[in-house]
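Open the structure and follow along.

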Amino acid sequence: MDGDIFVCRNRAMKKLLLLVFIFFGYHVSAQNKYTLNGTVKDANNGETLFGATIYLKNTNIGVLTNEYGFYSITASQDTYTLVVSYMGYDNIVRHITLNKDEKLDFELQESSSNLDEVVIVAEESERVNIRSPQMSVSKLKIETIKKMPVVFGEIDIIKSIQLLPGVTNNGEASSGFNVRGGAVDQNLVLLDEAIIYNSSHLFGFFSVFNADAIKDVKLYKGSIPPRFGGRVSSVLDVRQKDGNSKNYNITGGIGTISSRLAVEGPMFKDKGSFLVAGRGSYMHLFLKLSEDLKENVIYFYDMNLKSNYEIDENNRLYLSGYFGRDVFKFGNSFSNSYGNATANLRWNHIFSDKVFSNMSLIYSKYNYQLGINALEFDWIADIKNYNLKYDFKYFINDKFNLDFGLSGIYYNFNPGEISPTSEFSSINYLKLDEKNALESGVYINAEHKVSSKLNFQYGFRLSSFNRLGGEPVTIYKNDQPVVYNEELGIYEKGIIIDEENIQSGKSTKSFYNFEPRLSLSYELGELSSLKASFSRTAQYIHLLSNTTNVTPLDVWTPSGMYVDPQLSNQYAIGYFKDLKNNKFNFSVEAYYKTVSNRIDYIDGANLIGNNYIETVILSGDARAYGLELLLQKTTGKFTGLLAYTLSKSEQITLGGNAGGPGINNGLWYNTAYDRTHDFSITGAYNISKKWIFSANLVFQTGRPVTYPNGQYQYEGLSIANYAFRNANRLPAYHRLDVSAIFKPNRKPNKQWKGEFVFGIYNVYNRMNAASITFGQNQTTGVNEATRTAIYGIVPSVTYNFKF
């Protein structure tokens, strides 16, 4: 019976694919063509290799493996030399006679000189892919990330991508990141396809990604494929390891303030594998040594889980999850905790030698809790989503491939529930209205080799967003949730005239958007090409914050009756070139991006515990443009990169329906993420088999801020008058980091492998300003500015091991 179901499903899918194929107006040549398909894996641990290259030598026919290591390559009947390659691994070269469809799986051996010669890399085989039309994409190897100097020696994926052009940070020790002038919430951060709403631990000191559990990291800064939707700035696609299917392994590390441990191995009689990884900090133990701080608690922990099972050669199941938590307690006065939780069940199915599919059922949750004992109350809030998606890859022939699929995400926003903790509390119970929404999309994308020099990727995404009932809908006078008080010169809450209760599940507001995506490449020669791209994206949920970092108390809100979705258009053009026999590669990209309906808060806005959030925000337009340069050296004893970005990011927010001049008197103003200059250089030098030295040098223009430009007296107090929004800047940010990796001699046949990592973050003790505040000295009465820095020089020692 099950076999009949699969046969029927295959027949139905083939009919659907045939209709899609005819719709695009292509047909398969009458010449005899045959297809090779299979998977590419690591021979040592059985991990599938994403982005491995399979090509037929002396032809233009080649493909990259997908996220699950699957490939399919079609060519005319003939004899070929097949090459399988992946950076850091020995190539497989095989002579084949292609006269029938055939399944070939490959396992690549790690090269003896491999990982010590790799730095941050881009698309195919860790180099800029000259032929592919995909641009504005970077891929990182975990082995590379582990070599980079970081604060407290804690390996950090987010800080690593900040070394790339077009990517900046939000300040000292921040795990948030900004891409091409975009805000933090405009980045779609995925862990095994599950949405991560807060990617930081300890208020931004570390990221939530445990490097021992991560296999691939890919950042899309532009030219975002149609399969991704919901954000207008970037996509950070992080994939967990599947688990070692060959042997049982234990990997870990003992650091200055945290440690980690990962266990992986085969299961189900070698038809599957598992991975369990945990990480925790112990900063709070050091606080016990201080008489003043011993009552305080501060720590984080997280856990990564993954397993997979091969049903048969055409079907495999994956189950993965993540759980992380941060806990803070300051004596008996204040407590705070927050964290992410995700789960994902995936089914890989191969319909034929040309059709690969993946269905995913995904759950994500982010919640946060705040307790203030002095006021005797607890506050709990969360955001949850349930996501069902089905993706297909159709390898039609050597010149034309299709990706298509559909998805649906159900959101539940709980903005907050405040509960008194004693009967004497002055705080009354309050539960803010929960919000529900459904976001869905369908997409199709074509990869088309028009000629030996010209390649296209083109497609579109159709997205929709429905705000659902179940909460009161507020009706304002003249449809104005915000009104301008001309007498006082300020914005105020609009006048509520009614509230309607809409049936749960019924749509109260709907949005639909057509999102075309296009990119192309034209080869100028074997070693250089020109590329261009255009992408339109829509974002339906928004993060309201008056800080530059993601904090646990930030408010997520969906689009609805008074909040429109953000819509972005991004244009990019670039030149890419390999130099010195591919030892170096160089790229330069220019981009221009616009965002409409970008919300900003009015002066004096109360974002926390506000049931009428639409009364403190205005909608505006943003734009960002810039030039990015990247030079990389990817082979030899010395490897590294040099990245420079010249950019501008600004916003204009008019009064609109609310009237008045808007924010900043209706003039363009710098966004909080504007960095005129961003320069970084990183390098690693392989001195011997025992020692590797590396260093980072970073420089950024200071972050825009608003300083007072005058003062006036009121009842004996000096009250500051502030300049235009973000008209000033903090001092320039710069630092130098160094690290050294020492690998002791290992006895033959000994399974234990260990290494010491010595690091110094901020070598010359630069006290970079996190903020500058202004006030009046209570003793002298003189106005003064106070500069706050997170930390200066930070040494660290970490011991990593594997057996």
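## Rings and their neighbours

R346 lies over the face of Y318, 5.6 Å from the ring centre. To count as sitting over a ring, NZ of Lys or CZ of Arg has to be within 6 Å of the ring centre and within 35 degrees of the ring normal. R725 is placed over the face of Y601, at 4.9 Å from the ring centre.

A quick note on the model: it is predicted, so local features need pLDDT of at least 70 and side-chain atom pairs count only at pLDDT 80 or more, while totals for chains, interfaces and linings use all residues. Residues are numbered from 1 along each chain as its sequence is written, and side-chain values use heavy atoms, with hydrogens and water left out.

Now for rings meeting rings. Rings of Phe, Tyr and Trp (its six-membered ring) pair if their centres lie within 6.5 Å; planes under 30 degrees apart are stacked, over 60 edge-to-face, and the rest tilted. That rule gives 40 aromatic pairs. Here are two tilted ones:

| Pair | Centre to centre | Angle between planes |
|---|---|---|
| F534 and Y571 | 5.0 Å | 40° |
| F756 and Y799 | 4.8 Å | 50° |

F534 and Y571 link distant parts of the chain, 37 residues apart. Both are partly exposed (between under 20% for buried and over 50% for exposed, relative accessible area with a 1.4 Å probe, protein chains only), with F534 at 21% and Y571 at 43%.

F756 and Y799 also link distant parts, 43 residues apart. F756 is partly exposed at 31%, and so is Y799 at 22%.

Key. Helix = DSSP H or I, 4+ residues; strand = E, 2+ residues; numbered from the N terminus.
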